[in-house]
Amino acid sequence: MPTIFTKIINGEIPCHQIAEDENYFAFLDINPNAVGHTLCVPKKEVDKITDLDRETYLGLMDFSRKVGLAIEASIPCLRVGMTVIGLEVPHVHVHLIPLNEMKEATFTHKVALSQDEFETVASKIRAKI
């Protein structure tokens with residue numbers, strides 16, 4: 001059964017898309033730690049980051065760096081944090097989180113955005129890709 005991320009990639013579930021190429025997809029997290037919190041995923045459905053082949057792993061990191069630079073250029077923050085946890089969805093995903101305070105990296109601090117705010121943030125980041 002496809003993961004929720006595969007359904008997002010396939011357009012079955014709506015998202016606020018940030019970037020896409022042949023192998024990777026980035027979209028805003030719907031339950032963000034901070035404004036601009038983005039998920040980068042390989043289109044190939046793999047459960048754990050350590051199960052990725054070397055080429056896919058390096059490609060995901062390169063894609064995530066590109067998206068992270070766009071976040072840094074468009075969202076006021078001290079830095080963009082990166083984490084890979086993978087317990088929520090069995091599909092490798094890199095969290096890119098604009099950080100101004102440590103609490104934003106804890107996954108216990110969340111921010112609420114309206115659909116319009118999500119789209120505004122997504123547009124700002126897309127413009128810097």
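Helices and strands here are DSSP runs, numbered from the N terminus, with a helix needing at least four residues and a strand at least two. With that in hand, welcome to this predicted model. By that naming, Ala-105 belongs to the loop that links β5 to α3 (115-128).

**Overall fold**

- Reading from the N terminus, the elements of the protein chain come in the order α-β-β-β-α-β-β-α.
- The radius of gyration of the protein chain is 14 Å, close to the 14 Å that the globule rule gives for 129 residues, so the chain is as compact as a globular protein of that length.
- Along the principal axes, the C-alpha atoms of the protein chain fill a box of roughly 35 × 30 × 25 Å.
- Among contacts in the protein chain with a separation of 6 or more, 58% are between residues 24 or more positions apart.

**Surface and charge**

- Of the 129 residues in the protein chain, 43% are buried.
- The protein chain exposes about 7,200 Å², and 53% of that area is supplied by carbon and sulfur atoms.
- There are 13 positive and 18 negative side chains in the protein chain, and the centres of the two sets are 4 Å apart.

**His-95, in a strand**

- You will find His-95 in strand β5, which covers residues 94-99.
- His-95 has a relative accessible area of 3%; the cut-off for buried is under 20%, so His-95 counts as buried.
- The side chains of His-95 and His-37 make a polar contact at 2.8 Å.

**His-93, in a loop**

- His-93 sits in the loop between β4 (79-83) and β5.
- With 2% relative accessibility, His-93 is buried as well.
- The side chain of His-93 has a polar contact of 3.0 Å with the side chain of Glu-88, and the His-93 side chain also reaches the backbone oxygen of His-91 at 2.7 Å.
- Beyond residues up to four places away in sequence, His-93 touches Phe-5, Leu-39, Cys-40, Val-41, Thr-83, Val-84, Gly-86 and Glu-88.

- Thr-3 lies in the segment before α1 (4-9).
- Its relative accessible area is 8%, and Thr-3 is buried.
- Thr-3 and His-91 are 88 residues apart in sequence, while their C-alpha atoms are 6.8 Å apart in space.
- His-91 is also one of the residues that Thr-3 touches, together with Glu-45, Val-89 and Pro-90, when residues up to four places away in sequence are not counted.

- Ala-105 has a relative accessible area of 31%, which makes it partly exposed.
- Setting aside residues up to four places away in sequence, Ala-105 touches Asn-33 and Leu-99.
- Ala-105 and Cys-77 are 28 residues apart in sequence, and their C-alpha atoms are 13 Å apart in space.

Methods: Residues are numbered from 1 along each chain as its sequence is written. This is a predicted model: local features need pLDDT of at least 70, side-chain atom pairs count only at pLDDT 80 or more; totals for chains, interfaces and linings use all residues. Side-chain values use heavy atoms; hydrogens and water are left out. The radius of gyration is taken over C-alpha atoms; the globule rule is 2.2 Å times the number of residues to the power 0.38. Buried means under 20% relative accessible area, exposed over 50%, partly exposed in between (1.4 Å probe, protein chains only). Contact means heavy atoms within 4.5 Å. Accessible areas come from the Shrake-Rupley method with a 1.4 Å probe; for residues, only the protein chains shown count as cover. Lys and Arg count as positive and Asp and Glu as negative; His and the chain ends are not counted. The place of a charge is taken as NZ of Lys, CZ of Arg, CG of Asp or CD of Glu. A polar contact is a pair of N or O atoms within 3.5 Å; within protein, one must be able to donate a hydrogen and the other to accept it, and residues adjacent in sequence count only if both atoms are side-chain atoms.
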